[in-house]
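This report is for a reader who is meeting the structure for the first time. Please look over the sequence and the model before reading on.

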Amino acid sequence: METRWVKMEETEEAEEGYAEAIRLLLAGQNVAFPTETVYGLGGYIGTEEGLRGIFQAKGRPSDNPLIVHVYPGYDISQVAREVPASAESLMARYWPGPMTLILKKAEGLSPLITAGLDTVAVRMPSHPVALELMRRGQIAIAAPSANLSGRPSPTTAAHVYEDMKGRIPLILDGGPCEIGLESTIIDMTVNPPMVLRPGGLTLEEIAEVLPDVCMDPGLTVQKDVVPKAPGMKYRHYAPKAPMWMALGTPDAQETQIRQGLQEAKGLRRGVLTVDEHCRDYDAEVVLSLGSRRDPEGMAAHLFDALRRFDEEQCEILFTETIGSEGIGNAFMNRLRKACGGKTLKGDNHGGTSISD
Ligand code: TXA
Ligand code: MG
């Protein structure tokens with residue numbers, strides 16, 4: 001299958017891009033499109049082939065449900081049978097935006113979307129191309145992130161092309177994603193509402209509307225507590241090489257990584273760092289996510305950097321870390337997954353040991 005790549009900033013091509021995308025979606029085919037978080041791999045919720053095609057193209061396990069994307073004016077009762085008042089308040093404040101709500105599903109919604117659950121994930125993205133596509137087609141679109149299962153989510157059309165070339169007929173290119181981490185998923189069917197995946201909308205922002213919101217304990221504590229969002233249990237976001245995180249103050253982190261680099265001499269070593277430190281490391285590949293003072297910018301570049309370490313064929317990776325305030329919460333959640341929890345531990349003698 002040939003994969004067309006259409007740039008949506010140029011008006012003439014964009015018109016054609018929308019028309020072609022809508023034709024394909026209604027015919028049960030799949031189209032990748034930009035959102036403000038990451039690129040989505042879309043299928044029209046009204047076609048079984050379109051929904052099946054998503055799982056095939058990604059190599060996604062069928063027990064992992066999809067997010068339904070909607071647009072302003074869409075009648076939510078088509079997909080959700082109950083919208084609690086607290087969910088209405090969140091929608092009014094944060095939609096369109098990087099927030100996905102878990103609601104009780106409407107009768108008649110395909111079990112392919114919900115993986116047989118009684119609930120459905122719904123989100124209204126803010127990217128103008130995503131909104132325009134749905135508004136013009138008058139359709140809700142089911143879409144996971146447009147990466148091959150297990151790879152970092154795509155934050156540019158080039159990332160989508162890398163993973164989906166030959167697998168889907170069309171990619172709408174809306175430029176690099178502004179947020180670069182996936183949406184925050186909040187389960188509104190439990191009391192108090194629970195964050196199942198930290199993301200582009202921060203806990204602090206949610207708490208402004210829902211002061212009693214809590215976090216899924218499966219996200220933070222011991223490995224034997226299974227996270228509630230089916231997708232959170234899979235190995236995700238991981239570069240091919242093993243990756244270790246440094247902890248503590250920026251200086252302590254630098255010391256730990258320098259020591260780790262020493263111990264890993266002879267391997268092709270990669271370091272994920274910040275502008276403030278990027279000249280301090282002697283490694284084969286050093287990538288900066290931007291200034292430590294700009295965590296939003298760091299988040300926006302994380303998935304691209306993880307992909308680049310694979311391209312560079314690094315054999316061992318080290319990364320700096322940031323605090324978990326604001327976007328730092330979602331950023332560190334993805335980074336911990338990329339590292340499989342492995343940390344570099346400095347000891348009292350100034351030495352460092354690589355530990356699992
Ligand atoms: O930012 C985003 O959310 C992106 C863009 C494309 O919108 N989408 C995205 O989709 O990240 P995906 O499929 O990669 O992640 C969806 C997550 C999975 O972890 C899935 O298990 C969870 O949402 N999910 C979907 N339906 C659910 C449900 N009914 N209950 C609990 N978790 C659900
Ligand atoms: Mg995903």
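How many salt bridges does the structure hold? The structure, which is a predicted model, holds 22 salt bridges. Some of them are described below, after the overall form.

## Overall form

The secondary structure of the protein amounts to ten helices and 18 strands. Along the principal axes, the C-alpha trace spans about 65 × 45 × 30 Å. The radius of gyration is 21 Å, which agrees with the value near 21 Å that a compact globule of 356 residues would have.

The protein is divided into two domains: domain 1 covers residues 4–215 and domain 2 covers residues 243–355. Their C-alpha centres lie 30 Å apart.

## Where the domains meet

The size of an interface is often given as the accessible area lost when the parts come together. Between domain 1 and domain 2 the buried area is about 1500 Å², and carbon and sulfur atoms give 52% of this area. On the side of domain 1, the residues that lose the most area to domain 2 are Pro152, Leu181 and Pro198, which together make up 36% of what that side buries. In terms of contacts, 24 residues of domain 1 touch 17 residues of domain 2.

Eight residue pairs are in polar contact between domain 1 and domain 2. Two helices, H6 (157–164) and H7 (203–209), are the elements that give two or more residues to the side of domain 1 touching domain 2. Helix H6 gives the most to that side, with three residues. By type, the residues of this side of domain 1 divide into eight nonpolar, nine polar and seven charged.

## Salt bridges

Side chains of opposite charge can pair when their charged atoms come close. Across the interface of domain 1 and domain 2 there are four salt bridges. Aspartate 163 pairs with arginine 307 in a salt bridge whose closest N and O atoms are 3.0 Å apart.

Which residue forms a salt bridge with lysine 7? The partner is aspartate 173, and the closest N and O atoms of the pair are 3.9 Å apart.

## Backbone details

Most residues other than glycine have a negative phi, and most peptide bonds are trans. Where does the backbone of this model depart from that pattern? One place is the peptide bond from tryptophan 95 to proline 96, which is cis with omega near -5°. Proline 96 lies in the loop between helix H3 (85–94) and strand S6 (99–105).

A cis peptide bond also joins asparagine 191 to proline 192, with omega about -5°. Proline 192 is in the loop between strand S10 (184–187) and strand S11 (194–197). Alanine 115 is not a glycine, yet it has a positive phi of about 55°. Alanine 115 sits in the loop that runs between helix H4 (111–114) and strand S7 (119–123).

Definitions and conventions. Residues are numbered from 1 along each chain as its sequence is written. Chains are lettered from A and ligands numbered from 1 in the order in which they are written. This is a predicted model: local features need pLDDT of at least 70, side-chain atom pairs count only at pLDDT 80 or more; totals for chains, interfaces and linings use all residues. Side-chain values use heavy atoms; hydrogens and water are left out. Domain bounds come from an automatic or database domain assignment. Contact means heavy atoms within 4.5 Å. Buried area is the accessible area (1.4 Å probe) that two parts lose on being put together, summed over both. A salt bridge is a side-chain nitrogen of Lys or Arg within 4 Å of a carboxyl oxygen of Asp or Glu. A polar contact is a pair of N or O atoms within 3.5 Å; within protein, one must be able to donate a hydrogen and the other to accept it, and residues adjacent in sequence count only if both atoms are side-chain atoms. Helices (H or I, at least four residues) and strands (E, at least two) are DSSP runs, numbered from the N terminus. Ala, Val, Leu, Ile, Met, Phe, Trp, Tyr, Cys and Pro count as nonpolar, Asp, Glu, Lys and Arg as charged, and the others, Gly among them, as polar. The radius of gyration is taken over C-alpha atoms; the globule rule is 2.2 Å times the number of residues to the power 0.38.
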